[in-house]
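Please open the model in your viewer and get ready to pick out residues one group at a time. We will stop at a few places and see what is there.

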Amino acid sequence: LPKCSGLSSAKVGSVQPFTLAWNVWLDASKEVDEIASKAEAAKIFLFIVFLFALNFGFGQNSEVLADSYYKKGEFKKALVIYQNLNKEKPYSYKYVYKLVETHQQLEQFEEAKNILVQRLAKRRNPTLIVELGYNYQLQDSLARAKNLYNEAIAFVDENPNYIYSIAKKFEDHSLLDEAIQV
């Protein structure tokens, strides 16, 4: 038999070589278990990252698809996707504006007004006020629109930080005189 370190030849026939082999095997199996558990943890981590990336990708794809439908003039298809995106992220103004614009393109001015009024009830945002005024302007209700535009412009006196966003919203709707007033 080969000599084991620290063992005398007298002990070869005794139980100690078996115990030594058993301990070596246990240590090796513990190392294998540790490696396996680390590999399993790495697999789980990668799976979670994959799911997160997949979920993020679907959200991005939905928005890109909705924008594509909007640009092609397929407003009903875009509207359905924007509604879902708005439900997923109800505090995002981006989807509120997209919903309103799509309703306006479909000449669903009452639906656009309802979305804006609901948002304005939560917080009186001047860019939403401009959007509501523009919605009235599209319906040829110029007096209401003008009142709302003036209300939005008055926000600048209260908080000058709104200057850019209000002027940009006016510019988006080709309301250059109002943008200059801001």
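Predicted model: local features only at pLDDT ≥ 70, side-chain atom pairs only at ≥ 80, totals over all residues.

**Stop 1: the core**

Select Tyr149, Ile166, Phe170 and Val182. Among the 36 residues of the largest nonpolar core, these four touch the most other members. Now colour the helices that supply at least two core residues each: α1 (16–72), α2 (75–88), α3 (93–105), α4 (109–122), α5 (126–138), α6 (142–158) and α7 (163–172). Which helix gives the largest share of this core? That is α6, with seven residues. As background, nonpolar side chains in soluble globular proteins tend to be buried together.

Next, zoom in on isoleucine 166. Apart from neighbours within four places in sequence, isoleucine 166 is in contact with Pro126, Thr127, Val130, Ala152, Phe155, Val156 and Val182.

**Stop 2: α5 and α6**

The crossing of α5 past α6 is left-handed. To see the contact, select Pro126, Ile129, Val130, Leu132, Gly133, Tyr134, Tyr136 and Gln137 on α5, then Leu142, Arg144, Ala145, Leu148, Tyr149, Glu151, Ala152 and Phe155 on α6. Colour them by type and you will find 12 nonpolar, two polar and two charged residues.

**Stop 3: α3 and α5**

Keep α5 and bring in α3. Here the axes come within 11 Å and cross at roughly 5°. Angles under 35 degrees count as roughly parallel, which makes α3 roughly parallel to α5. On α3, select Tyr93, Val96, Tyr97, Val100 and Gln104; on α5, select Thr127, Leu128, Glu131, Tyr134, Asn135 and Leu138. This contact is made up of seven nonpolar residues, three polar and one charged.

**Stop 4: two loop residues**

Most residues other than glycine have a negative phi. Now select glutamate 107, in the loop between α3 and α4. Glutamate 107 is not a glycine, yet its phi is positive, about 60°. Is glutamate 107 buried or exposed? Glutamate 107 is exposed, with a relative accessible area of 62%.

Finish at serine 174, which sits in the loop between α7 and α8 (176–181). Serine 174 also has a positive phi, near 60°. With a relative accessible area of 58%, serine 174 is exposed.

Technical notes
Residues numbered from 1 in each chain as written. Heavy atoms only, no water. Core = buried A, V, L, I, M, F, W, Y, C linked by side-chain atoms within 4.5 Å. Buried < 20%, exposed > 50% of the residue type's maximum accessible area, 1.4 Å probe, protein only. Helix = DSSP H or I, 4+ residues; strand = E, 2+ residues; numbered from the N terminus. Contact = heavy atoms within 4.5 Å. Left-handed = near helix turned anticlockwise from the far one by under 90°. Nonpolar A, V, L, I, M, F, W, Y, C, P; charged D, E, K, R; others polar. Axes fitted to C-alpha atoms, helices over the stretch in contact; angles between N-to-C directions. Parallel < 35°, antiparallel > 145°, perpendicular 65-115°, else oblique.
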